[in-house]
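Visitor: I have the sequence and the model open beside me. Could you take me through one part of the fold and say what each term rests on?

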Amino acid sequence: MAEEKSGNSNAVAKGAQAANAVRGAVKTGKAIAAAAKGAAAGGPYGAVAGLIWGNRHLVGKIILVVVAIFMLPILFILMLPSLIFGGLKDAFSPNNPTVPILNDSAAITENMNSITNSVSDVLSEALEAVLAEIEKDFEASGADQREIINPHENAPAYNANAFVSQFCASKNKDFASITFDDMKSTLRNAKGELYSYTKKEETRTRVEVTVTVDTSTGKETETTTTVTETWMVYTIAYKGEDYFADNVFHLNAEQKELSANYAQNLSMFLGDGMFQKLPNGYETITSLGDVEFTDGQIPVAYFSQLDERYANQPYGTDDIGGYGCGPTAMAIVISSLTDEAVDPVEMARWSYEHGYWASGNGSYHALIPAAAKAWDLPVEGCGKDEGQKIADALSDGKLIVALMDEGHFTNSGHFIVLRGVRDEKILVADPASYQRSEQEWDLSIILDEAREGAAAGGPFWIIG
């Protein structure tokens with residue numbers, strides 16, 4: 001026991017040396033990628049100990065108990081919700097009870113997928129419920145017609161990391177009470193509060209054309225009639241994670257700050273591979289053949305993840321059509337900036353073999369700089385506040401991979417390529433839409449809708 005205690009002391013002492021480097025990252029959510037992936041010197045234990053040492057006031061005596069008795073990495077207690085690790089009692093890999101689950105990416109991904117799928121199910125149930133309410137309201141209104149404005153029809157927008165983090169933060173330091181079933185029950189009990197709708201009555205007119213035929217002459221006569229109808233217009237709104245923080249989990253200011261840190265660091269730990277996928281039921285398109293855009297600063301080879309040649313090809317155990325925007329974007333970049341033609345299938349295979357595929361969730365953000373470097377292309381991360389830098393890079397003939405959030409390009413998360421600038425408008429190569437790739441875009445839209453808090457230097461990567 002004395003030897004074990006000494007080993008723990010050494011681990012904490014070693015981690016304390018890293019505390020200054022990590023302390024600032026805790027607040028901002030900008031975790032050190034190597035530490036988050038357990039690749040730092042000394043593995044995850046040393047980096048975790050540094051985090052504990054610098055923030056020990058947040059977890060109190062639980063640190064000493066876990067370090068001294070369980071010998072578990074503390075990152076998931078201090079900065080990440082233990083929900084995705086199966087809590088404290090089951091914090092070892094189900095495949096190997098001697099391996100901390102922190103080191104089993106497959107088990108973590110499986111847990112997180114179960115959570116996100118459950119959140120998605122609850123959101124879908126809530127959406128169906130609000131649509132049923134609208135149907136009842138319309139039937140009672142006496143109106144002639146209805147219109148439903150539903151931005152969430154194809155894919156409910158949500159941040160599973162935020163839900164997980166708020167739930168864990170609401171438990172304060174009672175980690176033992178954090179369970180998957182409890183979270184599902186809490187969300188399901190509150191699903192009636194997830195969506196709301198507003199309505200307004202409108203009077204609309206339409207013109208009906210009636211054609212009559214004179215049987216004796218065969219002459220046709222058109223008669224127009226103006227029809228006036230009463231319409232009920234319903235708009236569905238998602239109340240969002242902030243509403244849940246206040247009204248479902250009832251978080252105080254300190255817990256809200258903790259949950260925000262939780263959510264950002266959870267994204268960092270998972271590589272921010274969450275929800276880069278198209279809605280279920282997407283349709284493939286007829287083969288585009290060889291397409292090259294020549295209206296920008298440089299010729300750009302274009303690939304679509306929905307192209308029938310690629311859409312049903314594997315990306316890990318997923319497919320390129322639904323999940324392969326990252327590999328497809330890098331296929332565009334590499335094929336345009338090097339002498340090598342790399343299609344989405346080849347790029348998806350490379351991403352999978354090198355560990356950048358996130359099962360059921362798309363790609364880890366680190367795919368972009370890693371693939372660029374693998375093909376000897378200069379790459380530089382760029383933030384949302386560097387619009388002039390982005391415009392200048394495009395003018396210089398460079399390409400930029402952008403990670404987009406909910407908006408014109410996606411309902412969740414999506415990689416696109418910025419391929420040039422013309423008449424002060426941005427040209428894009430969208431792996432999921434040839435039509436959007438032919439449009440010109442305001443830089444302000446691109447900046448506004450880029451993903452906040454992207455990992456690996458994003459949400460923009462200047463390449464070339």
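Visitor: Which residue in β16 stands opposite Leu 427?

Guide: Opposite Leu 427 stands Glu 440 in β16. This is a predicted model, in which local features need pLDDT of at least 70, side-chain atom pairs count only at pLDDT 80 or more, and totals for chains, interfaces and linings use all residues. Residues are numbered from 1 along each chain as its sequence is written, and side-chain values use heavy atoms, with hydrogens and water left out.

Visitor: What makes β15 and β16 a pair of strands?

Guide: Strands are DSSP runs of E with at least two residues, numbered from the N terminus, and two of them pair if DSSP finds at least two bridges between them. β15 and β16 (residues 440–441) have 2 bridges, in the antiparallel sense, so they meet that definition.

Visitor: How do you know that β14 and β15 pair?

Guide: Strand β14 (residues 414–422) is joined to β15 in the antiparallel sense over 5 bridges, and Leu 418 stands opposite Val 428 in β15. In their hairpin, with 2 residues between the strands, Asp 423 takes a positive phi near 50 degrees.

Visitor: Why is β15 called largely enclosed?

Guide: Buried means under 20% relative accessible area, with a 1.4 Å probe and protein chains only; 4 of the 5 residues of β15 (residues 425–429) are buried, so the rest of the structure largely encloses this strand.

Visitor: What makes β12 and β16 edge strands?

Guide: The open sheet of 6 strands has the order β12-β17-β13-β14-β15-β16, with antiparallel pairing. β12 (379–382) and β16 each pair on one side only.

Key:
Buried means under 20% relative accessible area, exposed over 50%, partly exposed in between (1.4 Å probe, protein chains only).
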